[in-house]
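Dear colleague,

Here is the structure that I promised to hand over, together with my notes on it. Please keep it open beside this message while you read.

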Amino acid sequence: MAGGPPSGHVPSASLIQVLRGAEVYAPEPRGPADILLAGGKVAAIAPSLPALPPGLAEEHDLRGLRLVPGLLDAHVHLVGGGGEAGPHTRVPPVTLTQLSRAGITTVVGVLGTDGTTRSVADLVARTLGLRAEGLSAYCYTGSYELPVPTLTGSVRKDLVYVDPILGVGELAISDHRSSQPTLDELLRVAADAHVGGMMSGKAGIVHLHMGDGPRGFDLIQRALDTSELPPRVFHPTHVNRNRKLFAAAPELVRRGCTVDVTAFPPEEDPGDSLYAADAIDRWLADGLPVHRLTCSSDGAGCMPVFDAHGHICAMDVGRPATLSDTLTELLARGLPLATILPIFTTNVADLLRLSHKGRLAPGADADLVALDAAGRVDSVIARGRWLVRRGETVVTGPFERSHP
Ligand code: ZN
């Protein structure tokens, strides 16, 4: 391969950096401001910071750009998804630059339909690998299926003992590919996630894959009706996969759940589904609570289209880039950045209980994305390290250079 052996090490961050003159959205608008980064954290934000002695700090002029928190993507098939149409349809793993170039500085990995040829052990290893490559990475334990495949043999132990594991997911309901979970089975998993989350100070959520089945959110509604579990534990995704499901989402939100829209690839015929930008646009137009909405890419997930008999008639693959593309599209439609930004940052961080993520404030991790005038990703800083600078990839994963 070109460029020496794979090291897996990113260049160390300059200890002190000053980013000057960008329009800062924290996500609330802070106007043109300077940001001081120190030791991988945001140290200060002020309209104008004094010059530091030469040689002490690295200076960056970001005038003309908008500086926002790094995006959080809470649903990426880090080891690849798919496999639903045979071994040749297993999607390859996600690379560092697929994430970084989409402005994603925090990612949560999921398995998917295939918990047979893929394992939680592999997912945890890839998650730790991405951390070494410079991102902030977490994952869920489990897959579509029940009993939940785990690393330690129990959901609760996975949460308590395995650092990157934040909850259970993506557990499938209302889908012919699910394990057809009963209410009691869902409640048991959700209780383990919730209590495991309490014991470990983690999110303890169940990230639920919603299928196209007519039962929709019924199982979640009944779980809320019949248990003491807090609504925040249930985080359904793909809620924009069909119009009926999307129309039912506000009722779940009214009960206290946060719902997740998927940024489906745009070249796919949307059919009855809504593109993420359309779904978010409609959500805002209907005056629904923005703080209860998140968006994820389903990166490296396989998106098969089934006929009535469960046969695959078409297939596409999710890409992390659709997350930032959705943000760009919403800005192009004239929606205010400060309004839509929480859907990609703060809301996700709050649900995942990652208090050091999703906002620009002193003490937060130095995860930042600079957007150009068109709302596209210009530069990306993750934990104080530049991964993308003025459109150029600065850091690649250890094996990416052999496939430029
Ligand atoms: Zn899914």
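This is a predicted model: local features need pLDDT of at least 70, side-chain atom pairs count only at pLDDT 80 or more; totals for chains, interfaces and linings use all residues.

Residues are numbered from 1 along each chain as its sequence is written, and side-chain values use heavy atoms, with hydrogens and water left out.

The zinc ion has as its protein donors E170 (OE), H209 (ND1) and H238 (NE2), which lie 2.0 to 2.2 Å from it. Donors here are N, O and S atoms within 2.8 Å of the metal (3.2 Å for Na, K and Ca), and water is not among the atoms, so sites may look incomplete. Along the chain, the donors of the zinc ion follow the spacing E-x38-H-x28-H. H209 lies in strand 10 (residues 205–210), while H238 lies in the loop between strand 11 (234–237) and helix 6 (243–254), so this pair ties together parts that are 29 residues apart in sequence. Helices (H or I, at least four residues) and strands (E, at least two) are DSSP runs, numbered from the N terminus. H209 is buried at 2% relative accessibility, and H238 is buried as well, with a relative accessible area of 3%; buried means under 20% relative accessible area, exposed over 50%, and partly exposed in between (1.4 Å probe, protein chains only).

The loop that holds H238 is also the place of N240, which counts as buried at 0% relative accessibility. A polar atom of the N240 side chain lies 2.9 Å from the backbone oxygen of T262. Leaving aside residues up to four places away in sequence, N240 touches several others, among them F246, V261, F264 and Y275, where contact means heavy atoms within 4.5 Å.

Turning to charged pairs, a search of the whole structure finds 22 salt bridges, a salt bridge being a side-chain nitrogen of Lys or Arg within 4 Å of a carboxyl oxygen of Asp or Glu. In one of them R241 pairs with D212, and the closest N and O atoms are 3.2 Å apart. R241 lies in the loop between strand 11 and helix 6, and D212 in the loop between strand 10 and helix 5 (218–226), so the pair ties together parts that are 29 residues apart in sequence. R241 is buried at 17% relative accessibility, whereas D212 is partly exposed at 48%.

Another salt bridge joins D225 and R255, with the closest N and O atoms 2.8 Å apart. Since D225 lies in helix 5 and R255 in the loop between helix 6 and strand 12 (259–262), this pair ties together parts that are 30 residues apart in sequence. D225 counts as exposed at 52% relative accessibility, and R255 as partly exposed at 26%.

A further salt bridge is formed by D278 and R333, whose closest N and O atoms are 2.7 Å apart. This pair links distant parts of the chain, with D278 in helix 7 (residues 276–285) and R333 in the loop between helix 8 (321–332) and helix 9 (337–344), 55 residues apart.

Conventions
A polar contact is a pair of N or O atoms within 3.5 Å; within protein, one must be able to donate a hydrogen and the other to accept it, and residues adjacent in sequence count only if both atoms are side-chain atoms.
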